[in-house]
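Me: I would like to learn how to read the features of a model such as this one. Please take me through it step by step.

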Amino acid sequence: MQAPSLSIIQSDVPAWQQMLSDLVTDPQELLALLGLDASQLPASAQAAGQFPLKVPRWFVSRIEQGNPHDPVLRQLWPLIDEETQAAGYVIDPLEESRFNPVPGLLHKYTSRVLLTAAPHCAVHCRYCFRRHFDYAGNAPSREDWRAAFDYIAADSRIGEVLLSGGDPLALSNRQLSWLLEQAEAIPHVTTVRIHTRMTIVLPQRIDAELSARLAASRLRVVLVSHCNHAQELSAESKASFKILAANSVTLLNQSVILTGVNDTSSVLIELSEALFGQGVLPYYLHLPDAVAGTAHFDVALDAAQGLVTTLQQRLPGYLVPRLVREEPGEKSKTRYA
Ligand SMILES: *Cc1c(COP(=O)(O)O)cnc(C)c1O
Ligand code: SF4
């Protein structure tokens, strides 16, 4: 007979939450899981100390065994290259602190605000433009959230609320539902947009309770996944997108163009086609931000434009992402193709 107490404990915590706390954080362990030797992939202790390695154990399955140049691994591994000090690469290239009127809220573009809804992510992406973000100083209390929603309520131009992060899907369903309720209570808000990497790195997160809550919202719901390479997609991500689509969620993807990950037209074409195969349309292809420690990922603007031109020739228009960069002080993202 099975021990009944165990099944009770397990049913209290959703399976995805258990998976979310089952993380690989030790570079040595990740090397061992991938059958790699430290000499093939030296890690920077300094980089890992400042922004630690963090990968859900489930997602390790998306990395090819024995390949130190794997494009998924490259997004996660604290390379020695991060120690290079490159001119013009800074802590806050987007000057986000200038657009932060209330803790947890960024208002850069007239009709939409971004809430840094969660103070952490399921994964640490080395190219992340928020890798130096002061999450601790921006971890809003309930009172701060009140102030944020009062700010939105006071500006009728704001029609869309973006939940970003950190990863908003790292929050519990209860916390997410509370945030949704606050947005739903403001008559001029019509749309909520969830920016997440969870559909890729832990698609099991999309459980029935969450999908039902999104379906029940009076708001239009848009979910923007962050996927950079077709290899990151899985049978599990496909199943999650299917549930979301069945609950009327609009599915888009944004990528960052990264040297050694997706800086060829064939990889980008494969990515667009694989996303479409899972019911997701490409939205943005971001040029990397000039964040300290990420210069080795940079792709020159003219090279990126050349790649998008090839995509335009080879793919239907709806599978070509818009090439953009975020520039501080601009009223929208700057479009380059
Ligand atoms: C990118 C971004 C948005 C959304 O911009 P769209 O062009 O609508 O996708 C909104 N607010 C902030 C602060 C952003 O960085
Ligand atoms: S999930 Fe997004 S916010 Fe989190 S580390 Fe990755 S890129 Fe940054």
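**Reading the model**

Reply: Start with one residue: Q182 sits in helix α7; helices (H or I, at least four residues) and strands (E, at least two) are DSSP runs, numbered from the N terminus. This is a predicted model, in which local features need pLDDT of at least 70, side-chain atom pairs count only at pLDDT 80 or more, and totals for chains, interfaces and linings use all residues. Residues are numbered from 1 along each chain as its sequence is written, chains are lettered from A and ligands numbered from 1 in the order in which they are written, and side-chain values use heavy atoms, with hydrogens and water left out.

Me: Is Q182 buried or exposed?

Reply: Buried means under 20% relative accessible area, exposed over 50%, and partly exposed in between (1.4 Å probe, protein chains only). Q182 has a relative accessibility of 11%, so it counts as buried. Leaving aside residues up to four places away in sequence, Q182 touches R146 and F149, where contact means heavy atoms within 4.5 Å.

Me: Which residues of α6 are buried?

Reply: An α-helix has 3.6 residues a turn, so residues three or four places apart point the same way. In α6 the buried residues are W145, A148, F149 and I152. Viewed down the axis of α6, they fall within an arc of 90 degrees, so they line one face of the helix; the arc is that of the directions from the helix axis to the C-beta atoms. Their cover includes β3 (105-109), β4 (112-116), β5 (160-164) and α7 (173-184).

Me: How many residues does α6 have, and what span does it reach?

Reply: Helix α6 covers residues 142-153, 12 residues in all, and its first and last C-alpha atoms are 16 Å apart, close to the 16 Å expected at 1.5 Å a residue. The expected span is 1.5 Å times one less than the number of residues.

Me: How should I read the side chains of a strand such as β5?

Reply: In a regular strand the side chains alternate between the two faces of the sheet. From β5, E160, L162 and S164 point one way and V161 and L163 the other, and all are buried. Since five of the five residues of β5 are buried, the strand is largely enclosed by the rest of the structure.

Me: Which strands pair with β5?

Reply: Two strands pair if DSSP finds at least two bridges between them. β4 and β5 run parallel, joined by five bridges, with R112 opposite E160. β5 also pairs with β6 (residues 191-196), in the parallel sense over four bridges, and there L162 stands opposite R193.

Me: What does the path from β5 through α7 to β6 make?

Reply: A crossover is right-handed if, with the strands pointing away from the viewer, the path from the first strand over the helix to the second runs clockwise. β5, α7 and β6 make a right-handed β-α-β unit.

Me: Where does L268 lie, and what does it touch?

Reply: L268 is in helix α11 (residues 265-277) and is buried, with a relative accessible area of 4%. Not counting residues up to four places away in sequence, L268 touches I257, N262, L285, L307 and L311.

Me: How is the chain divided into domains?

Reply: Domain bounds come from an automatic or database domain assignment. Here they give domain 1 (14-83) and domain 2 (96-335). The centres of the two, taken over C-alpha atoms, are 23 Å apart, and 30 residues of domain 1 are in contact with 38 residues of domain 2.
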